[in-house]
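Me: I'd like to walk through this model with you, one question at a time. Here it is.

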Amino acid sequence: MMVRITALVLGFGLMAAPALADLKQAVEGQLTPGYAAFAKASADLAAAADKDCSPEAVKPAWNAAYDAWLAVSFFHLGPVEDDGRALAIHFWPDPKGLGAKAQRALLSGDAAALEPAAFADQSVAARGLMGLERLLYPDTPFEGDACPLIRATASDLARMASGVNADWPAYAATLLTAGEPGNTAFLSPQEALQALFTQGATGLEAIVDQQLGRPLGSFDKPHPERAESGAAGRSQRNVALMLQALRGFAAALDDKSVLTLAGLDRAVGLAEKLDDPAFAAVGDPQGHLRVEIVQQAVKAARDTMIAEMAPALGVDLGFNSQDGD
């Protein structure tokens with residue numbers, strides 16, 4: 001009996017050290033530089049809009065900020081959730097068109113609403129990356145001068161990104177000190193590790209259900225108009241970049257889960273080869289099938305992640321902020 005107990009104790013000891021290493025690599029190797037990059041790209045976007053607010057001048061900086069956001073967009077814990085920042089940064093989907101309605105009201109309303117303090121209290125649907133997309137890639141031109149709203153939206157995005165980046169180190173420390181005295185958020189490293197694992201798995205689920213599922217609809221009734229960032233022609237790019245980020249995050253959590261990483265590599269490769277920037281081809285049977293194959297690959301990678309990586313890390317799929325009530 002003593003031999004068995006000793007073996008168990010040694011086993012738990014071996015699990016604890018990798019858990020701390022996995023936490024550190026995922027937090028400091030990906031999330032910390034990711035938030036810093038997003039803050040810089042958003043500041044560059046605000047500076048570009050301030051210099052020249054014409055859509056053609058702002059689009060490159062907006063696309064760069066969007067790219068930077070996708071590296072961390074799957075993570076819904078910590079300062080990005082404070083004050084509804086994540087929703088304001090990236091409010092999508094918006095099936096009722098709330099963002100466009102709110103923006104039209106802002107364009108025709110009191111200019112004081114565009115001042116930084118006032119704009120921060122405006123509807124999240126009118127702000128952030130998606131608010132800027134409507135202004136830079138409009139289906140129909142907005143009435144009036146959109147320049148003040150472009151500048152206000154870009155400045156507000158930079159403010160939020162800077163706030164997340166400034167607040168992140170404290171939350172990162174909370175993750176990395178899980179189980180230590182005084183840490184009431186995470187009572188053990190395994191709790192923190194489970195929280196991170198859940199974010200990764202949920203990010204893959206969002207790609208399956210939202211970024212791919214919404215435009216796919218059904219074979220008989222596809223909805224290409226529902227694609228994320230279809231106006232900017234970056235629906236496919238969003239999926240590929242988010243998959244790349246999640247692949248890196250998974251490798252940081254456990255680079256020995258080779259089946260999971262292989263599955264994610266396959267999904268990334270398929271997404272990159274689609275040649276359907278706005279998922280406009282889902283209305284065609286062959287185009288629909290190609291996007292559906294990507295969706296199936298992402299789902300398979302997620303299933304493998306849960307079956308392989310979760311036991312290896314000693315965690316399961318926990319609650320996340322996107323589950324709802």
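Me: Which residues does Asn 238 touch, not counting residues up to four places away in sequence?

Reply: A heads-up: this is a predicted model, where local features need pLDDT of at least 70 and side-chain atom pairs count only at pLDDT 80 or more, while totals for chains, interfaces and linings use all residues. Numbering starts from 1 along each chain as its sequence is written, and side-chain values use heavy atoms, with hydrogens and water left out. Asn 238 lies in helix H9 (residues 235–253), where helices (H or I, at least four residues) and strands (E, at least two) are DSSP runs numbered from the N terminus. With contact meaning heavy atoms within 4.5 Å, and leaving out residues up to four places away in sequence, the residues that Asn 238 touches are Tyr 66, Leu 70, Gln 211, Glu 228 and Ser 229.

Me: And is Asn 238 buried or exposed?

Reply: The scale is relative accessible area, computed with a 1.4 Å probe on protein chains only: under 20% is buried, over 50% is exposed, and in between is partly exposed. Asn 238 has a relative accessible area of 0%, so it counts as buried.

Me: How are H8 and H9 oriented: roughly parallel or roughly antiparallel?

Reply: Two packed helices are described by the angle between their axes and the distance between the axes. Here H8 and H9 pack at about 160° with their axes 11 Å apart; axes are lines fitted to C-alpha atoms, for helices over the stretch in contact, and angles run from 0 to 180 degrees between N-to-C directions. Angles under 35 degrees are roughly parallel, over 145 roughly antiparallel, 65 to 115 roughly perpendicular, and the rest oblique. H8 and H9 are therefore roughly antiparallel.

Me: How many charged residues does the contact of H8 with H9 have?

Reply: On the H8 side, the residues that meet H9 include Leu 193, Phe 197, Gly 200 and Ile 207, and their partners in H9 include Met 242, Leu 246 and Phe 249. For the classes, Ala, Val, Leu, Ile, Met, Phe, Trp, Tyr, Cys and Pro count as nonpolar, Asp, Glu, Lys and Arg as charged, and the others, Gly among them, as polar. By that scheme the H8 contact with H9 has 12 nonpolar and four polar residues, and the number of charged ones is: no charged residues.

Me: What about helix H8 and helix H11, at what angle do they pack?

Reply: H8 passes H11 in a left-handed crossing, meaning that the near helix is turned anticlockwise from the far one by less than a right angle (clockwise would be right-handed). Helix H8 (residues 189–216) and helix H11 (residues 285–313) have axes 9 Å apart, and their packing angle is about 170°.

Me: Which residues does Arg 302 contact, leaving aside neighbours within four places in sequence?

Reply: Arg 302 belongs to helix H11. Its relative accessibility is 14%, so it counts as buried. Leaving aside neighbours within four places in sequence, Arg 302 is in contact with Ala 201, Leu 204, Glu 205 and Leu 317.

Me: How far apart are the C-alpha atoms of Val 208 and Asp 254?

Reply: Val 208 is in helix H8, and it counts as buried because its relative accessible area is 10%. Beyond neighbours within four places, Val 208 is in contact with Gly 213, Gln 295, Val 298 and Lys 299. Asp 254 is 46 residues away along the chain, and the two C-alpha atoms are separated by 22 Å.

Me: How many nonpolar residues are in the contact of H10 with H11?

Reply: The axes of helix H10 (residues 258–272) and H11 come within 8 Å and cross at roughly 165°, so the two are roughly antiparallel. Their crossing is left-handed. The contact has three polar and two charged residues, and its nonpolar count is 13.

Me: Between which helices does Phe 279 lie?

Reply: Most residues other than glycine have a negative phi. Phe 279 has a positive phi of about 55° although it is not a glycine, and its relative accessible area of 0% makes it buried. The loop holding Phe 279 lies between H10 and H11.

Me: What is the relative accessible area of Asp 83?

Reply: Asp 83 is another non-glycine residue with a positive phi of about 55°. It is found in the loop between helix H2 (55–70) and H3. Asp 83 counts as exposed, because its relative accessible area is 76%.
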